[in-house]
Amino acid sequence: MTDPFPARPEPHEIDEHDEHDEHDEIDEHDDALSWGDERDASHVEGPAPVSQAGPEADDELPAGMSSASLVGHGVFGGVALLSCVGWLVSRDQFLLSFGGTAVDRVQTALWLLGVALAIVAPAVWFVTTILLVPQSRSSRRLLVFAVGAVALAPWPLVIGGGA
């Protein structure tokens, strides 16, 4: 078995008649500060810096959103969260029981499903809008957020009445 780290010959053991290139000579002190070069077996090239990647790389990067668009996303995200909380708070107004027959139990179950869907609808609208409306159409996305905020607002809580 060969030694992967062969011992380096001492300076007095080197034959002066060997032909060496000036790059092959290694100084003991400089060796500790060297990262090696292409001829070194352990040398690995890193990724190319971004500036050398070329103009094609800039075309592949997605365009960032403007500050106003980011603020709009935050505001409508908060409105969606508050709408969910509003529906959760006002759910007691809608918990109805329709009776004891089988049909009445199905009606009660469907009514409770509708109440549960009303609670999560604003969050689902927000996430669906982000997934379906492209980022490049931020004004259209903000318009869809506004429509959802008005349509899915907890109106019984907002106007103060019952169903």
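Student: Which residues in α3 meet which residues in α4?

Tutor: In this predicted model, the α3 side of the contact is made by His73, Phe76, Gly77, Ala80, Ser83, Cys84, Trp87 and Leu88. They meet Ala118, Ile119, Pro122, Ala123 and Phe126 in α4. By class, the residues of this contact are 10 nonpolar, three polar and no charged.

Student: How do I describe the way two helices pack?

Tutor: Two packed helices are described by the angle between their axes and by the distance between those axes. Here, the axes of α3 and α4 come within 7 Å and cross at roughly 170°. Angles over 145 degrees count as roughly antiparallel, so α3 and α4 are roughly antiparallel to each other.

Student: Is the crossing of α3 and α4 left-handed or right-handed?

Tutor: The α3 and α4 crossing is left-handed.

Student: And how would I look for empty space?

Tutor: Rolling a probe the size of a water molecule over the atoms shows where empty space is left. In this model, the count comes to one cavity of 30 Å³ or more. The largest cavity holds about 90 Å³ of space.

Student: Which residues line the largest cavity?

Tutor: Its lining is made of Phe76, Val79, Ala80, Ser83, Pro122, Trp125, Phe126, Phe145, Gly148, Ala149 and Leu152. By class, nine are nonpolar, two are polar and none is charged.

Student: Which helix gives the most to that lining?

Tutor: That is α3, with four residues. At least two lining residues come from each of α3 (67–89), α4 (102–132) and α5 (138–151).

Methods
Residues are numbered from 1 along each chain as its sequence is written. This is a predicted model: local features need pLDDT of at least 70, side-chain atom pairs count only at pLDDT 80 or more; totals for chains, interfaces and linings use all residues. Side-chain values use heavy atoms; hydrogens and water are left out. On a 1 Å grid over the protein atoms alone, a cavity is a set of points where a 1.4 Å probe fits but cannot get out, and a pocket is an open set with protein on both sides within 12 Å along at least five of seven lines; lining residues have an atom within 4 Å of a point. Grid points are joined across faces, edges and corners, and a volume is the space filled by probe spheres set on the points. Ala, Val, Leu, Ile, Met, Phe, Trp, Tyr, Cys and Pro count as nonpolar, Asp, Glu, Lys and Arg as charged, and the others, Gly among them, as polar. Axes are lines fitted to C-alpha atoms, for helices over the stretch in contact, and angles run from 0 to 180 degrees between N-to-C directions. Angles under 35 degrees count as roughly parallel, over 145 as roughly antiparallel, 65 to 115 as roughly perpendicular and the rest as oblique. A crossing is left-handed if the near helix is turned anticlockwise from the far one by less than a right angle, and right-handed if clockwise. Contact means heavy atoms within 4.5 Å.
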